[in-house]
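Dear colleague,

I am passing on the structure we spoke about, and I would be glad if you could look through it with the notes that follow.

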Amino acid sequence: MKKRISFILAVLLLLPLLTAHAEDVPTGENIRKVTITCTGDTLIGCNEIVRKKGAGSYSYDTYIEKYGYAYPLAGLYELFSQDDITFVNLENVLADSIKSGLSKSRLVFRGPSDYAKILTAGSVEVATLANNHSDNYGTEGIEKTAAALEAEGIGYCGTTFGLNAYHIQEVGDIKVGFVGVYPRYNSQSRNKNQAQLKACFDACKEAGCQVIVASMHCGGEYQKKHADLQEKYEKLCKSMGANLVIGNHPHVPQGIHVADGVTCLYSIGNFTFGGNTGVDEKLSVIQGYVAQFDLYFEGETYLGHQLTIWPIHISGTSPENNYQPVLVSGTEAEKVMKLIQNDCDKLKLNPYVDGQGAVQDFVPWKDR
């Protein structure tokens, strides 16, 4: 009896806290919500070594030929099709043929130009090209990739090359700016290139963007903890006006940092990823996650955001990579959450709930 009374008292004491948490999310007739879904490293192609082998049943090309453009993102289509914007980090060139580049390397990736249809079939609207693979085939590869995306109506950004270095996506009268940040590029001739980066943020502001999303490509590959460089560029993006900072490149889930109304995801991990077949090259890490942000507005005024973490496996099979990410639940979802939590210095993540994801606390914008 005493244990039961103690339990009831504990619940009663928690009720005010639970109510306060629920009231954090803005409500009312004038409140609007825009949903952005972000994925990690997306590689819709393969290297020329695998391609020239014919690769039997396990190359990315073979799977697309067999199952079609909609196949890779089918497992996440319901999530993506119900949001307003889906944003990916595209880590390969899209070109039917290429004359330049390091084609003999295992770390050079390409898909045919029509693979841009994989993104539209999966309800993806925007891609960043600010990464260490977009220039694998030089200027020719960059230009052909841009043309392939434009043909499918997919917006792109990326300060790596100064080619459409920012993109603005409109949802009704709400404008969301996307800026791609690649430290290896932005640290060369630092003053000049960081000035170009700032110009991208300023252009988004001048165009009336209420929210700016920065895609940050840096960190140690396969490192479970984020690095100082990621923190440095997180601060740089925030100083220039980013409301969200989305990290990629480490290929594994890393921690989350929330401060001054800004959420930074240091690394989401991989998504559909043709860089590792799991047959001729080990599929190193299968865990990743999809980050979904609900952005709240009163009229056109940004109020803040709420993040939901959706744990995934980047392949529905193992050890062979079938290139089709799937949502996971139960123990497997908790493993992903643990990877993220282990790299969070002070933030205590809200737990994963089957069917709901891991819904985090509302983060009010600092100027609210």
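This is a predicted model: local features need pLDDT of at least 70, side-chain atom pairs count only at pLDDT 80 or more; totals for chains, interfaces and linings use all residues.

Residues are numbered from 1 along each chain as its sequence is written, and side-chain values use heavy atoms, with hydrogens and water left out.

Across the protein chain there are 10 helices and 19 strands, taken as DSSP runs numbered from the N terminus (helices H or I of at least four residues, strands E of at least two). Of the 368 residues in the protein chain, 55% are buried.

The aromatic pairs come to 11, on the rule that rings of Phe, Tyr and Trp (its six-membered ring) pair if their centres lie within 6.5 Å, with planes under 30 degrees apart counted as stacked, over 60 as edge-to-face and the rest as tilted. In one of them, the ring centres of Tyr63 and Tyr323 are 5.2 Å apart and the planes stand at 85°, so this pair is edge-to-face. Because Tyr63 lies in helix α3 (residues 60–67) and Tyr323 in the loop between β16 (301–313) and β17 (326–327), the pair ties together parts that are 260 residues apart in sequence. Both Tyr63 and Tyr323 are buried. Tyr296 and Phe362 likewise form an edge-to-face pair, at 5.8 Å centre to centre and with 75° between the planes. Here Tyr296 belongs to strand β15 (residues 287–298), and Phe362 to the loop between β18 (358–359) and β19 (363–364), 66 residues apart. Ring pairs also link Tyr60, Tyr63, Tyr67, Tyr71, Tyr115 and Tyr323 into a cluster.

The other region I looked at is around strand β13 (residues 262–265), which is covered on both faces, with Val262 and Cys264 buried on one side and Thr263 and Leu265 on the other. Strand β11 (residues 244–248) pairs with β13 in the parallel sense over 3 bridges, where two strands pair if DSSP finds at least two bridges between them. Strand β12 (residues 256–259) runs antiparallel to β13 and is joined to it by 4 bridges. Cys264 in β13 has Val245 opposite, and His257 also stands opposite Cys264.

Notes: Buried means under 20% relative accessible area, exposed over 50%, partly exposed in between (1.4 Å probe, protein chains only).
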